[in-house]
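Hello,

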Amino acid sequence: MVGSTARLQSGTADCQGEVLTPRPQPKLPVTILTGFLGSGKTTLLNYILRENHGKRIAIIENEFGEINIDSDLVVSSEEEIYEMSNGCICCVASVRGDLLEVIRRLMSRRDRLDYILVETSGLADPMPVAQAFFVDDSVLEEVALDAIVTLIDSKHIEQHLDDVRYDGINSQAVDQIVSADRIIVNKVDLVDDGTVERIEGRIREFNQRSEIDRSSYARVNLDAILGIQAFEVSQRAATEPSFLETHYVHSHDPEVETCSVRISGELNRDLVEAAARDIAADYGADLLRWKGVLAVAGNDRRVALQGVHRIFEMHDLDRWEGPHRDSRAVFIGKNLDQQELAGRLRRCVARDKEPSA
């Protein structure tokens, strides 16, 4: 089949001598994966990478903060992963330029790819990201924006919707719902059916066109989110006249900040769990998202710390590679004391080094 395609691209003749016109190569589909902090985007990425769907996928990640944690939380795979952590992709023009440059590099290896997934930060408005695919002709000729998929955290979304303010500051949670072509109400195992139905009703207040699915642990029907051809630029331009304009403006809530911590050496797991419980109790209301990759004494695997408000968990990842072991964590929220948070984790450094398991 590949050989046949190659011949058609160079032009061949049929048995009557007529030259066959080369078939244009289909555009590479792109899905923008978005959702507020802690909604389960990385969990969904891992689910996609583990499933036997037959697609060769390139992943482009953008993270809000100085330290990139998400790439370390993605399972090991043969897929190509590109990190962009030098600013938010939705409001920093240079980062959108970086996105287009990555796309161009991927197009030079088009025969090795079937799909591109762009994971935005939890504070991103996906519309400027979508817009980027339509302002560069060379990219527009090669790729097709398939859909914007938005994940919803059932446990906390209503708190964020209730926090909408009308003072010129955009609500990221609302932006992500409004922009969605497909909405996944995730973590339904943490709430009752009545709450899920109420959430879906509130979603419909902002977006009446998108299909809504439910999931736990971001386990979804992949046929419902990949290759669905749900993004229609004509519809967007009709409902949002500014969509194809290049001066799309987006603002983050200035009260939301990120605190990054890096700690050399290994940590004592019991001390980390105790510190995490205290952090959840003291900062939980304002702590939108917290995550880390930790080096724990006596454990030869990397340990993930994942938290949303007062809920957190720790679990093992893959084995450490190389002799250097350190711990990194990021806290995103309001009214955070970076030095105090860093101090709590630094006090968890293991004093007596234990042998690795």
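Is Arg-104 buried, partly exposed or exposed? Arg-104 is partly exposed, with a relative accessible area of 32%; here buried means under 20% relative accessible area, exposed means over 50%, and partly exposed lies in between (1.4 Å probe, protein chains only).

Before going on, a word on how to read this. The model is predicted, so local features need pLDDT of at least 70 and side-chain atom pairs count only at pLDDT 80 or more, while totals for chains, interfaces and linings use all residues. Residues are numbered from 1 along each chain as its sequence is written, and side-chain values use heavy atoms, leaving out hydrogens and water.

Now to the salt bridges. The structure holds 12 of them, a salt bridge being a side-chain nitrogen of Lys or Arg within 4 Å of a carboxyl oxygen of Asp or Glu. Side chains of opposite charge can pair when their charged atoms come close.

Arg-104 has a partner in Glu-101, with 3.3 Å between the closest N and O atoms. Glu-101 is partly exposed too, at 37% relative accessibility. Helices (H or I, at least four residues) and strands (E, at least two) are DSSP runs, numbered from the N terminus.

Helix α12 (residues 338-346) holds another pair, Arg-344 and Glu-340, four residues apart and so separated by about one helical turn. Their closest N and O atoms are 2.7 Å apart. Arg-344 is buried at 14% relative accessible area, whereas Glu-340 is partly exposed at 27%.

Which residue does Glu-266 pair with? Its partner is Arg-325, with the closest N and O atoms 2.7 Å apart. This pair links distant parts of the chain, 59 residues apart: Glu-266 lies in the loop between β10 (257-264) and α11 (269-283), and Arg-325 in the loop between β13 (311-319) and β14 (326-333). Both Glu-266 and Arg-325 are buried.

Finally, the cysteines. How many disulfides does a search of the whole structure find? It finds zero, taking a disulfide as a pair of cysteine sulfur atoms within 2.5 Å. Cys-259 is buried, with a relative accessible area of 1%, and Cys-348 is buried at 2%.
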